[in-house]
Amino acid sequence: VQLQASGGGLVQAGGSLRLSCAASGGRFTSYAVGWFRQAPGKEREFVATISGSGRTTRYADSGEGRFTISRDNTKNTVYLQMNSLKPEDTALYYCAAREGATRASIEYDYWGQGTLVTVSS
């Protein structure tokens, strides 16, 4: 499966962004999809994940209550709605997919390119 992330940009603290991850080349509902981020000088970290059906979601503590992951299986797309953004949310955001169950870790097999989110104070 191939993944294409988009929707990043520059936003002021307190603002919102919606990231999209478009998939192609596989049976989309077979894949859990996760969002991850990597800030300069830091390791890549888990942000959120959603099961193939969309019924199960998991979040990192950093995004709990502010971020919402969802998917539209008719469009082969997963979204990450990010509200109340903080400067510490600044990072390159990646989406990734794995067959089977969700994982709150970087153990995903297929990765898209990143989309940059910059939050100004």
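Author: Ser121 is exposed, with a relative accessible area of 88%. Please bear in mind that this is a predicted model.

Reader: Where does Ser121 lie relative to strand 11?

Author: Ser121 lies in the segment after strand 11.

Reader: Which residues is Ser121 in contact with, leaving aside its neighbours within four places in sequence?

Author: With those neighbours set aside, Ser121 has contacts with Ala13 and Pro87.

Reader: And how far is Ser121 from Gly14, in sequence and in space?

Author: The two are 107 residues apart in sequence, while their C-alpha atoms are 8.9 Å apart in space.

Reader: Let us move to Thr115. Which strand holds Thr115?

Author: Thr115 is placed in strand 11, which covers residues 115-120.

Reader: Is Thr115 buried or exposed?

Author: Thr115 is buried, because its relative accessible area of 10% falls under the 20% cut-off for buried residues. Ser121, by contrast, is exposed at 88%.

Reader: What does the side chain of Thr115 reach?

Author: The Thr115 side chain reaches the backbone nitrogen of Gly8, at 3.0 Å.

Reader: Which residues is Thr115 in contact with, again leaving aside neighbours within four places in sequence?

Author: Thr115 is in contact with Ala5, Ser6, Gly7 and Gly8, with Leu19, and with Ala91, Leu92 and Tyr93.

Reader: Turning to the whole chain, how many helices and strands are there?

Author: The protein chain has 0 helices and 11 strands. Along the sequence, the pattern is therefore written as β-β-β-β-β-β-β-β-β-β-β, with helices and strands numbered from the N terminus.

Reader: What radius of gyration does the chain have, and what would a compact globule have?

Author: The chain has a radius of gyration of 13 Å; this agrees with a compact globule of 121 residues, which would have a value near 14 Å. The C-alpha atoms fill a box of roughly 40 × 25 × 25 Å along the principal axes.

Reader: What share of the residues is buried?

Author: Buried residues account for 44% of the 121 residues. The accessible surface is about 6,000 Å², and carbon and sulfur atoms contribute 44% of that surface.

Reader: Among contacts between residues at least 6 apart in sequence, what share joins residues at least 24 apart?

Author: Of those contacts in the protein chain, 57% join residues at least 24 apart.

Reader: Finally, how many positive and negative side chains are there, and how far apart are the centres of the two sets?

Author: There are 13 positive and 10 negative side chains, and the centres of the two sets lie 6 Å apart.

Note on methods
Residues are numbered from 1 along each chain as its sequence is written. This is a predicted model: local features need pLDDT of at least 70, side-chain atom pairs count only at pLDDT 80 or more; totals for chains, interfaces and linings use all residues. Side-chain values use heavy atoms; hydrogens and water are left out. Helices (H or I, at least four residues) and strands (E, at least two) are DSSP runs, numbered from the N terminus. The radius of gyration is taken over C-alpha atoms; the globule rule is 2.2 Å times the number of residues to the power 0.38. Buried means under 20% relative accessible area, exposed over 50%, partly exposed in between (1.4 Å probe, protein chains only). Contact means heavy atoms within 4.5 Å. Accessible areas come from the Shrake-Rupley method with a 1.4 Å probe; for residues, only the protein chains shown count as cover. Lys and Arg count as positive and Asp and Glu as negative; His and the chain ends are not counted. The place of a charge is taken as NZ of Lys, CZ of Arg, CG of Asp or CD of Glu. A polar contact is a pair of N or O atoms within 3.5 Å; within protein, one must be able to donate a hydrogen and the other to accept it, and residues adjacent in sequence count only if both atoms are side-chain atoms.
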